[in-house]
Amino acid sequence: MLATKAGRRPSFPGGGMEHSEPLTRERIGAALEESLVRLGTDRVDLFWAHRDDRDTPLGETVAGFDDAVRAGKARMVGASNYTAWRVQQALGVAAEAGAASYTAMQNRYSYLKPRPGAVLPEGGHVHAEPSDLDFVASTPGTALLAYSSLLSGAYVKKPLGEHYAHPGTEARLRVLDEVAAETGATRNQVVLAWLVGHGAPVVPLVGVSSVAQLEEAAAGVELKLDPGQWRRLSAAA
């Protein structure tokens with residue numbers, strides 16, 4: 001699948017969100033054309049709104065992405081780092097206008113939970129909430145694409161960071177290791193199996209740097225947890 005994003009990036013090097021590009025109809029179209037040239041293609045499979053833009057009317061943003069679909073330059077469109085209620089709002093605006101709208105959400109999501117109130121290390125990133133899972137589970141044709149699903153290697157070799165410094169992390173890691181021992185799988189594989197085992201459609205995004213890592217991830221997606229194991233993992237505080 002070939003994907004690209006538009007909007008809400010700094011308009012100049014070093015710029016912050018206060019200087020970021022808006023999700024206007026004009027800018028969405030221009031961003032897509034720029035991406036198609038860089039990618040050397042005439043169409044992408046998935047065209048993302050990079051971050052929510054509350055300063056641009058939602059109808060204008062929806063129209064911009066609808067233009068891309070109608071022109072045959074994007075097969076689907078998605079919302080990255082949005083809340084479920086904003087995606088639902090966009091779907092309503094699109095339905096009223098007869099326009100294409102978001103079929104996917106892309107938020108940060110993994111087995112471990114950040115400390116309540118913690119600021120994630122990546123500015124502007126949104127961690128998936130139960131409401132997001134409820135939304136994709138109850139809205140046919142939508143899915144959650146979970147980035148940072150393996151926390152950039154933190155399950156096996158990197159420090160977790162202060163935003164995971166709370167008792168719940170220790171409890172969840174303890175159960176994670178128990179299930180890994182029971183299944184003969186790695187921590188990463190159990191995390192991936194837990195993600196795809198949701199009743200909601202969750203697609204973990206995984207970055208790899210070797211064939212061995214790719215094979216490990218593929219085996220994790222295929223790993224089947226029994227209902228008791230999945231409930232134990234989910235219930236860990």
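Me: Contact means heavy atoms within 4.5 Å. In this predicted model, which residues in helix 7 does helix 6 meet?
Reply: The two elements are helix 6, residues 187-196, and helix 7, residues 211-222. On the side of helix 6, the residues that take part are Asn 188, Gln 189, Leu 192, Ala 193 and Val 196. Their partners in helix 7 are Glu 216, Ala 217, Ala 219, Gly 220 and Val 221.

Me: By class, how many nonpolar residues are in the contact of helix 6 with helix 7?
Reply: The contact of helix 6 with helix 7 holds one charged residue and three polar residues. Gly is counted among the polar residues. The nonpolar residues in this contact number six.

Me: Is the crossing of helix 1 and helix 2 left-handed or right-handed?
Reply: Helix 2 covers residues 58-70, and its axis comes within 8 Å of the axis of helix 1, with a crossing at roughly 30°. The crossing of helix 1 and helix 2 is right-handed.

Me: Which residues in helix 1 meet helix 2?
Reply: On the helix 2 side, the residues are Glu 60, Thr 61, Ala 63, Gly 64, Phe 65, Asp 67 and Ala 68. The residues of the contact of helix 1 with helix 2 divide by class into five nonpolar, two polar and three charged. From helix 1, the contact is made by Arg 25, Ile 28 and Leu 32.

Me: Which residues of helix 4 make the contact with helix 3?
Reply: Helix 3 and helix 4 pack at about 35°, and their axes lie 9 Å apart. Helix 3 contributes Ala 84, Val 87, Gln 88 and Leu 91. With both sides taken together, the contact has four nonpolar, two polar and one charged residues. Helix 4 supplies Ser 131, Asp 132 and Phe 135.

Me: How many residues apart in sequence are the parts tied together by Tyr 82 and Tyr 102?
Reply: A search of the whole structure finds six aromatic pairs. One of them is formed by Tyr 82 and Tyr 102, with 5.6 Å centre to centre and 65° between the planes, and is edge-to-face. Tyr 82 lies in the loop between strand 3 and helix 3, whereas Tyr 102 is in strand 4, so the pair ties together parts whose separation in sequence is 20 residues.

Me: Are Tyr 82 and Tyr 102 buried or exposed?
Reply: Residues count as buried under 20% relative accessible area and as exposed over 50%. By this rule, both Tyr 82 and Tyr 102 are buried.

Me: Are the rings of Tyr 111 and Trp 194 stacked or edge-to-face?
Reply: The ring centres of Tyr 111 and Trp 194 lie 5.1 Å apart, and the planes stand at 75°. Planes over 60 degrees apart count as edge-to-face. Therefore the pair of Tyr 111 and Trp 194 is edge-to-face.

Me: In which helix is Trp 194, the residue that Tyr 111 links to?
Reply: Tyr 111 and Trp 194 are both buried. Tyr 111 is in the loop between strand 4 and helix 4, and the two residues are 83 residues apart. Trp 194 is in helix 6.

Me: Which residues form one aromatic cluster?
Reply: Tyr 82 and Tyr 102 already form an aromatic pair. They belong to one cluster with two phenylalanines, and its members are Phe 47, Phe 65, Tyr 82 and Tyr 102.

Me: Which residues does Ser 35 touch, not counting those up to four places away in sequence?
Reply: Ser 35 is found in helix 1, residues 25-39. Ser 35 is buried, with a relative accessible area of 2%. Away from its neighbours in sequence, Ser 35 touches Thr 4 and Lys 5.

Me: Is Ser 152 buried or exposed?
Reply: Ser 152 lies in the loop between strand 5 and helix 5. Ser 152 has a positive phi of about 55°, although it is not a glycine. Its relative accessibility is 55%, so Ser 152 counts as exposed.

Technical notes
Residues are numbered from 1 along each chain as its sequence is written. This is a predicted model: local features need pLDDT of at least 70, side-chain atom pairs count only at pLDDT 80 or more; totals for chains, interfaces and linings use all residues. Side-chain values use heavy atoms; hydrogens and water are left out. Axes are lines fitted to C-alpha atoms, for helices over the stretch in contact, and angles run from 0 to 180 degrees between N-to-C directions. Helices (H or I, at least four residues) and strands (E, at least two) are DSSP runs, numbered from the N terminus. Rings of Phe, Tyr and Trp (its six-membered ring) pair if their centres lie within 6.5 Å; planes under 30 degrees apart count as stacked, over 60 as edge-to-face and the rest as tilted. Buried means under 20% relative accessible area, exposed over 50%, partly exposed in between (1.4 Å probe, protein chains only). A crossing is left-handed if the near helix is turned anticlockwise from the far one by less than a right angle, and right-handed if clockwise.
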